[in-house]
Amino acid sequence: MCGMYLCACLWLFFVINCVIFFYADNVPELCAMKSYYHIFTKGLVGDLIFRDREDYIAGMNYVAICVHQSFVRMLAFVLMSNHFHFVVYAEAHEAEQFINLYKNLISRYVTLKYGVRKLLYKVKTTCASVDITDEGLKRLIAYVLNNPVNAGVNCMPQSYEWGSGRCYFSNIDYYQDSLPVTRLGVREACTKLKSKIRLSEKYYINTQGYIEPSSYVDVRFVEDHFRRAKSFEYFLSVSHRKTNFGALVFSDMLLKSMLDEIIEKRYDANSLDEMEPEEIRSVVMEFRKQFGCTAKQIARIFNLSLDAAVDIIG
């Protein structure tokens, strides 16, 4: 009896190991769980990530490339001058792969264009799992899309170009003047996308030179989650801080271009490094008076520490 019992146990052990061996390389790990993640960086204080339109276009295209490479499901995102936010559905390692690849691409781009090395390596990045109960996901998406509103750059998330805000509940056909990126030649695609990575035919590039966000953002899921446009608009309205829309707010990109022009034409210099401290102080106070720049905005535009900016404007 004991011998039969032992044989049965050995046979069962053998069968279980055969099953494990056979399926180990053929199915995903059962323990690998997907979740909703809010990925974001802390805002740079004394510098900008995106300084001009070309930078934003590159940033938009890198989002598409990173979605393609990491297999995350992009739900919403926004690019600000000194930080960015993403809402994704993915496994933890996929979310980390996405943001690490994005930071690497942006850092390489900034290094090649501006000579600033490892811009984002020192920036704290958070990849936080989201509790979707109690309308948590709706509130998060609304918060992310409202970043330009809270910064005073735009009155509505739907009118901000550098994100996914204009994709949802829209009657505008953004594909009308776009074409599949696969129709571009290899050299043209590399030039426009600032990358050698080839995207599939589902990615459409518009006349502005960047991949349409609706090509890779799961618009249908977000719209189904909010159910109605009124619900979407409600969460947008309650998530933003009260903003004084009577006061005109100038974007970092516009002020940076104005500063570069002043440096060149008024001081015959190529950068702030070639100017005297008193000259810089004079321009800072001019921007403070004419454009109402905050200390944080002064720090970003003039590449100053926050303490130095506060010390100048008082």
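Me: How do strand 1 and strand 3 pair, parallel or antiparallel?
Reply: This is a predicted model. Strand 1 covers residues 34–41, and strand 3 covers residues 84–91. They pair in the antiparallel sense, over seven bridges. To find your place, look at Y36, which stands opposite Y89 in strand 3.

Me: Which sheet order do the strands follow?
Reply: The order is 2-3-1-4, in an open sheet of four strands. The pairing is antiparallel. Two strands lie at the edges: strand 2 (73–79) and strand 4 (125–129). Each of these pairs on one side only. From one strand to the next, the twist averages 20°.

Me: Now the helices. How is a packed pair described?
Reply: Two packed helices are described by the angle between their axes and the distance between the axes. Take helix 9 and helix 10 (residues 277–291) here. They pack at an angle of about 135°, and their axes are 12 Å apart. That angle makes helix 9 oblique to helix 10. The crossing of helix 9 past helix 10 is right-handed.

Me: What is the volume of the second largest pocket?
Reply: The second largest pocket has a volume of about 360 Å³. Its lining has 17 residues, and the closest to the centre are K256, I263, S271, L272 and N303.

Me: Which element gives the largest share of that lining?
Reply: Helix 9 (residues 252–267) does, with five residues.

Me: How many lining residues are nonpolar, polar and charged?
Reply: The lining of the second largest pocket divides into nine nonpolar, three polar and five charged residues.

Methods:
Residues numbered from 1 in each chain as written. Predicted model: local features only at pLDDT ≥ 70, side-chain atom pairs only at ≥ 80, totals over all residues. Heavy atoms only, no water. 1 Å grid on protein atoms, 1.4 Å probe; cavity = no way out; pocket = protein on both sides within 12 Å on 5 of 7 lines; lining within 4 Å. Points joined across faces, edges and corners; volume = space filled by probe spheres on them. Nonpolar A, V, L, I, M, F, W, Y, C, P; charged D, E, K, R; others polar. Pairing = 2+ DSSP bridges. Axes fitted to C-alpha atoms, helices over the stretch in contact; angles between N-to-C directions. Parallel < 35°, antiparallel > 145°, perpendicular 65-115°, else oblique. Left-handed = near helix turned anticlockwise from the far one by under 90°.
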